[in-house]
Amino acid sequence: MQTSHTITARDDVDILSIDNQYASARIALFGAHVISFVPKKDGRERLWLSDCARFDGKTAIRGGIPVCWPWFAAHPDNPDLPSHGFLRNQQWHVDSISETAESTTVRLLPGDVNGPGFHHAVEVTLVVDIGKQLTVSLITHNRDNEAILIGGALHSYLAINDIDSVTIDGIEGPYSDKVSGLVQQDSPRPYQISGEVDRIHTSPVPAVTVTSAGEITHLHQSGHNSVVVWNPWVEKSRTMTDMPDDGYRQMLCVEAAIAPMLSLPAGENLVLSQRIG
Ligand SMILES: O=P(O)(O)OC[C@H]1O[C@H](O)[C@H](O)[C@@H](O)[C@@H]1O
C-alpha cells in the first residue's frame, strides 16, 4: 500500500502525519498523542482537538488521545504526583513504521518509563495502526522480578456534532460518579449527557457506540477494567485555559481505562487497546 509519512513542527512539537489509502492520521511525538484520525470512507474527523491546545512540548495536549500511564487521574496514594502519570508529558520517538495491504503501523517508544512515583524495570510501547479504523495499543512489559501495579487510560476525546444530540450505547452496570462522589448502580438508559459527567464505569464492556446527529462512532476496547465517560460541561470548561468555553459541546471522552490499578506479574505483558472507527 502507498503510504506517505512526514514530520512537521507545530510550535515546539513534532507531528508525524500518515496518509494511506484508507485514512489519514496525525501523531504528536510529545506524548505519542494521536491528534487526528480521518477515515477516507466518509472524511469525518473522529478525534476532537481543542482550538486552545498547547504545543509547547511541556503541557499535555488537550484533545486527541492522551496516553495516561502508569496511573489514571490522581495517584492513589500521593495527590502531589502528576495527574494521569508522566508519559503524556514526555518526548517519544518513532521506533518503526511498517505497512500491510490493510494498514500502516507506527510503533513509538517513550524517552523514560521511570518518573516520580514509579521506578520499575518495564518496557512500554505504543502501537498506532491506521487503516479503515484506528487502533491504539499501549503495551506494558514487566521486566521486573516481581509483580507491579499498573493503571492508565487511552483518554480518547471523540469529536461529536453537538453534545445535546449524543447517545451512548453499550455501557452498562454500575459506575462511580466523581461529580457527586456517589456509586450509582445502573448506567443511564438512554445514555445522554446534559451536564458535567466524570464517571468510571466498572463493567469493562468491549464495544461502545456514540451517535451524534446521525453520525456513529464505533469503539472497541480490550485490556481495560473500566470505561470512563467525561465531559467537563460549561463551568469547568471556563476554568480550563486550554479549552474554549463552549468546547465541551463538540467533545466527549470515552476512555478505555485501567482504574483501579492492576497487578502485572513479572515477565508478563499488559495490552490496553482501543479501536475507533
Ligand atoms: O485535565 P486532565 O488532567 O487532562 O484530566 C481531564 C479529566 O480526565 C479524566 O477523564 C478524569 O476522570 C477527569 O477527572 C479529569 O478532569
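**Pocket, ligand, cavity and backbone**

The largest pocket has a volume of about 350 Å³, a volume being the space filled by probe spheres set on grid points that are joined across faces, edges and corners. This is a predicted model, where local features need pLDDT of at least 70 and side-chain atom pairs count only at pLDDT 80 or more, while totals for chains, interfaces and linings use all residues. Residues are numbered from 1 along each chain as its sequence is written, and side-chain values use heavy atoms, with hydrogens and water left out.

Q: What makes something a pocket here, and which residues lie nearest the centre of the largest pocket?
A: On a 1 Å grid over the protein atoms alone, a pocket is an open set of points with protein on both sides within 12 Å along at least five of seven lines, and lining residues have an atom within 4 Å of a point. The largest pocket has 21 lining residues, with Arg-62, Ser-83, His-84, His-155 and Trp-230 nearest its centre.

Q: Where does the ligand sit?
A: The ligand takes the space of the largest pocket. The test is that more than half of a molecule's atoms lie within 2 Å of the grid points.

Q: Which residues count as being around the ligand?
A: A residue qualifies if one of its heavy atoms lies within 4 Å of the molecule. Those around the ligand are Arg-62, Phe-72, Ser-83, His-84, Arg-88, His-155, Lys-178, Asp-198, Val-228, Trp-230, Lys-236 and Glu-255. This shell divides into three nonpolar, three polar and six charged residues. In that scheme Ala, Val, Leu, Ile, Met, Phe, Trp, Tyr, Cys and Pro are nonpolar, Asp, Glu, Lys and Arg are charged, and the others, Gly among them, are polar.

Q: Why is a space called a cavity, and how many of 30 Å³ or more does the structure hold?
A: A cavity is a set of points where a 1.4 Å probe fits but cannot get out. The structure holds one of 30 Å³ or more, and the largest cavity has about 40 Å³ of space.

Q: What lines the largest cavity?
A: Its lining is Cys-68, Trp-69, Leu-138, Thr-140, Ile-150, Gly-151, Gly-152, Ile-258, Leu-270 and Leu-272. Seven are nonpolar, three polar and none charged. The largest share, three residues, comes from strand 10.

Q: Which peptide bond from Trp-69 is cis, and where is Pro-70?
A: The bond from Trp-69 to Pro-70 is cis, with omega near 5°. Pro-70 lies in the loop between strand 5 (67-68) and strand 6 (92-99).

How values were computed: Helices (H or I, at least four residues) and strands (E, at least two) are DSSP runs, numbered from the N terminus.
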